[in-house]
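Consider the sequence and the model shown below.

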Amino acid sequence: MKLYKKMRSYFIEESDLGKADWIFFCVIFVICGFLFWHRFDLPITIEHSNTMIDSFVSGTPWKFYGDVYQKAFNGGYSSVLPSITWDYKIAAYSFALYFALAVVNLPLYMMSKIVNLPLYVFVLWDKIIIMALTIYCGMLIKKCAEQLGIGKKKSKWVMYAFLTSPILLFGSTAFGQLDIVQVVFMCLGFLAFLKSDFKKFCLWFAIAIDLKLFAVVAFLVLVLLVEKRLFHIIKYLLAGCSLYIMEIVIFSFSNGKALSASLMKANYNFKGFVFEKGVNLFGEVTFSVAAMIVVFAFAYFIKIKNEEDLKRFSILMPLTAYIMLFNTIYWHPQWIIIVLPFAVLSMFYFDNFRINIICDIAYNFGFLAFLIVRNHAIDVSVLLSDALFHSISGKEIDLLNADWFADLLTTKLELPNSIYFTVFFIGGILIFVFKFLQNVIVDKNEDIESNRVMRGYVWFRACGILMLIIPFIFSYYNT
């Protein structure tokens, strides 16, 4: 009975973050960071960054996309997943992202000219950088929370909720994706916005938008909240998109960039995810585009009466925009992490923590379960079978041993595959619907019972990542 009371007190009653919380985080963070990777995306991006260094050494960085295209065509990247044809190995990302990765990998690049370095050494190094950026991003979100007036104690929990999100642990830490770089700059921009430092706001978002266009959604929503004059809206939009526009202009004369863009459209058609695919509404207009127009219009017509209104809607509107976007398009898992800063801030900023985190748990659980049972485009089985542990040890993983979990989630429970996307979809909708209904900041009601931060819910949410970890361990030891 005493043990039960102690456990209940620890997991249900509010308290500060302690050693056990950080040990729990470190364990799952290290497992996701060092036991998993995706065998294609990060390795080929690393190879492209090395090609960029070669382009700078030769004094022709503007030929980067052409150099990658030519090298891919000639089989220069054949060591990276040989089963993938050359036309999928062209440069797919922005020049800014490759430049950042090239700077990070420069020491290893120089060492590789002296001694032969296996590819997994580069991957491990970049995974460490991704993990460091993830923690830094959590610290930025904590600063945003403090700026919003959430309070120092709860702000630490905001950071912790971000770092232990299964969406983040899967889409960035385990998968080894670089989208966290964009999220870092977006958080820097959001922090500057909360401080009314609009020059830095534009600067940081300009970098984020150049890295990946998804950041323009939050940028435009935030601009529309504070600026209603058309000329000034255009001015801010041009400032925020300046680096992206500059890159387009610079490489508009690059034949290699044009050829790469053509192949990208044929093979992936990422823009089609937003503008061509999905649910058609009013003829040629997709539901995703219509949803964005509604959100932008709502942000524009909102009347901000005071500072509290601005804080409230600066969280709520970007959150709504991103959830509506990803609920209506085809997406890759790593894209979803851009939702998380606004999702975790809203969880602690608005009343009724218990309802807020239950909706967030549904969103995270539906996301990961859907990927597992549907074996989505990023290919969960590949993520498992080509874990870093396999690359270092050479031990093959028989993924047939992991099928039991996907089978458990569907056949054994007699549930259709679509149920998990439905949970993800509805969970996302409820996240922002409840915020609109509550529309009150936490600090006004610190004494309300439902606003207590309950450790048990946060840990339970984090344990969702075990849906990735447990099948891997089972598969490895039963191979």
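**Cavities, a helix pair and an aspartate**

Three cavities of 30 Å³ or more are found in the structure, which is a predicted model. The volume of the largest cavity is about 80 Å³. Its lining is made up of 13 residues, and those nearest the centre of the cavity are Tyr93, Leu97, Leu178, Asp179 and Lys212. Two elements, α3 (41-57) and α9 (179-194), each give two or more residues to this lining. By residue class, the lining of the largest cavity consists of six nonpolar, four polar and three charged residues.

The next topic is a pair of helices. Two packed helices are described by the angle between their axes and the distance between the axes. For helix α5 (residues 95-112) and helix α6 (residues 119-147), the angle is about 150 degrees and the axes are 11 Å apart. Their crossing is right-handed. On the α5 side, the contact is made by Leu101, Val104, Asn105, Leu108, Tyr109 and Ser112; on the α6 side, Val121, Phe122, Trp125, Asp126 and Ile129 take part. Eight residues of this contact are nonpolar, two are polar and one is charged.

The last stop is Asp360, a residue of helix α19 (residues 353-374). Is Asp360 buried or exposed? Asp360 counts as buried because its relative accessibility is 3%, and buried means under 20%. Leaving aside residues up to four places away in sequence, Asp360 touches Ala343, Met347, Ile431 and Arg461.

Conventions. Residues numbered from 1 in each chain as written. Predicted model: local features only at pLDDT ≥ 70, side-chain atom pairs only at ≥ 80, totals over all residues. Heavy atoms only, no water. 1 Å grid on protein atoms, 1.4 Å probe; cavity = no way out; pocket = protein on both sides within 12 Å on 5 of 7 lines; lining within 4 Å. Points joined across faces, edges and corners; volume = space filled by probe spheres on them. Helix = DSSP H or I, 4+ residues; strand = E, 2+ residues; numbered from the N terminus. Nonpolar A, V, L, I, M, F, W, Y, C, P; charged D, E, K, R; others polar. Axes fitted to C-alpha atoms, helices over the stretch in contact; angles between N-to-C directions. Left-handed = near helix turned anticlockwise from the far one by under 90°. Contact = heavy atoms within 4.5 Å. Buried < 20%, exposed > 50% of the residue type's maximum accessible area, 1.4 Å probe, protein only.
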